Amino acid sequence: MTTPLLSVRGLRVAYRTRTGTRPAVRGISLDLRPGEVLALVGESGSGKSTTAHTVVGLLPPAEVSGSITLFRRDGAPVDTVTASEADLRALRGGEVGLIPQDPMASLNPVQRVGAQVAEALRIHGHADRRTAPAAAVALLADAGLPDPGGAARAHPHELSGGMRQRALVAMALAGRPRLLIADEPTSALDVTVQRRLLDHLERLRAEQGLAMLLITHDLGVAADRAHRVAVMSEGRVVEEGPAEKVLTSPEHPYTRALIDAAPGLGPAHPVLARPSRSPAEVRGRAPREPAVPATPLVRVKGLAKTFPGGRRAVDGVDFHIGRGETYALVGESGSGKTTTARMLLRLTRPTGGTVEFDGTDVTGLRGAALRRLRRRMQIVYQDPYSSLDPRMSVAETVAEPLRAFGEGDRRQRRARAAALLDRVALPADTADRRPGELSGGQRQRVAIARALALNPDLVVCDEPVSALDVRVQAQILRLLAELQRELSVSYLFISHDLAVVRQIAHRVGVMRGGVLVEEGDTGALFEAPADEYTRELLAAVPGSGAALRPARDRVAP
């Protein structure tokens, strides 16, 4: 049997806190061989990222015991638990590459992307000052960026989240490592880019014997790409084995619960809430089937946006959103989904077309009239941590919209915040905590509670579950559906995860290059897509749901 490239034995990690230590990893053992893909899966807080970051010595203050043996190119073993900082620096990049989860926090905001990739090439001796810029563009192209030259000249904030993630992939591969640690590398990517990126990593694995420790909450990706899967829960590996066996015949109850929670593309709608009650009925009138409204809540006509420099981001988009309906926009990164949503919310001024809200053209609203509109529209962002003030308590965060619009006094706002936190199933003691003390799923619930504070008619959900593990993702989707049933709130749901869209949306619009190429009822569109691009998107989705398909026919090392 091939000697492991990485051998972890009895690893324990406990973070230091003000009151003592908090265990994060509780005695795990793993092996990873050259050319092998090992997926670590599990809920947020299960210890996956802690394990990965311990391998390269990138932990905050913590107590670490056990051993992590990495065999270098020359065959010499290095225990990264006891290695010096100088030894770890020699390993990082050249022996071990890391793709971190948050690209915006990992890229230098004041330096052009190409210069950052070029710097990594020069540091590891694979290019000099003359050749590094062109080599950096080539790496960005290999990582799947559609305009690698333009991306190289851009600053990080000028790229979409998916583009920034691909730039990190290019940087991680610049040192030509033998082991790649990929911490949720595809969570910000649409399915077609995800497939191209994973295909690229697969080619490197096959050609260079690249080993990969893949940390993911996407069980479809794990099933499609990993040779072996290790399932982590509360700092322990509860099940480990070949991907096909673990994901199709799980033995541990926790693994079965993860698979049951994974979204799928089948015909069932586990959380879908069909519009069934008008706002008047929610307020107490006798239930009845509502007539189709003559005026939808939102109607977008010919919406267009051209940015300075002539780049056309959105080009003549038409759609409508009914009351109590979920309308999803899907498509690749850069297709115009988020720009469309920002124009609908009047956060970005359109260069053409109109937005009608409740029968009124709001495209040109200004001042007090625009402010009155804002209380009827709210947004839940992809990354709740960056959209929550780290200095404010949860109660203050949820009550902030009430304070901004002069609703009630301090006591009444506090009571309303408590009621909203209870509504999104957060415990009462959450109110006095800060965002940094919450999990990703808890922070997203806080963001939803804040969005509901003013009883809006429309909530824009911009990738609200892409960074969450499957169990928390399922909880958030159920919560959104329950709120829609009770409040008749409408959602514009933006997502690159078609399996999630299949569960939550009533109708779907497919965008490509700023144009709406197809639109229709979710079930009909998924089962019989008319546009070739829609068929391409659906074909790119990795195995998902309860019937996860096994990894591709590859011989494990």
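Strand β19 (residues 507–512) is largely enclosed by the rest of the structure, because 5 of its 6 residues are buried. The model is a predicted one.

Two strands pair with β19. One is β13 (residues 326–331), which joins β19 in the parallel sense over 5 bridges. Within this pairing, Val 330 has Val 510 of β19 as its bridge partner. The other is β20 (residues 515–521), which runs antiparallel to β19 and is joined to it by 6 bridges. Here Met 511 stands opposite Leu 516 in β20.

Now turn to a helix pair. Helix α7 spans residues 161–173, and helix α8 spans residues 191–208. They pack at an angle of about 10°, and their axes are 12 Å apart. Angles under 35 degrees count as roughly parallel, so α7 is roughly parallel to α8. From α7, the contact draws on Arg 166, Val 169 and Leu 173. These meet Val 193, Leu 197, His 200, Leu 201 and Leu 204 in α8. By class, the contact has 6 nonpolar residues, 1 polar and 1 charged.

The buried residues are Lys 48, Thr 50, Thr 51, Ala 52, Thr 54 and Val 55. Gly 57 follows α1, and the phi of Gly 57 is positive, near 65°.

Note on methods. Residues numbered from 1 in each chain as written. Predicted model: local features only at pLDDT ≥ 70, side-chain atom pairs only at ≥ 80, totals over all residues. Heavy atoms only, no water. Buried < 20%, exposed > 50% of the residue type's maximum accessible area, 1.4 Å probe, protein only. Helix = DSSP H or I, 4+ residues; strand = E, 2+ residues; numbered from the N terminus. Axes fitted to C-alpha atoms, helices over the stretch in contact; angles between N-to-C directions. Parallel < 35°, antiparallel > 145°, perpendicular 65-115°, else oblique. Contact = heavy atoms within 4.5 Å. Nonpolar A, V, L, I, M, F, W, Y, C, P; charged D, E, K, R; others polar. Pairing = 2+ DSSP bridges.
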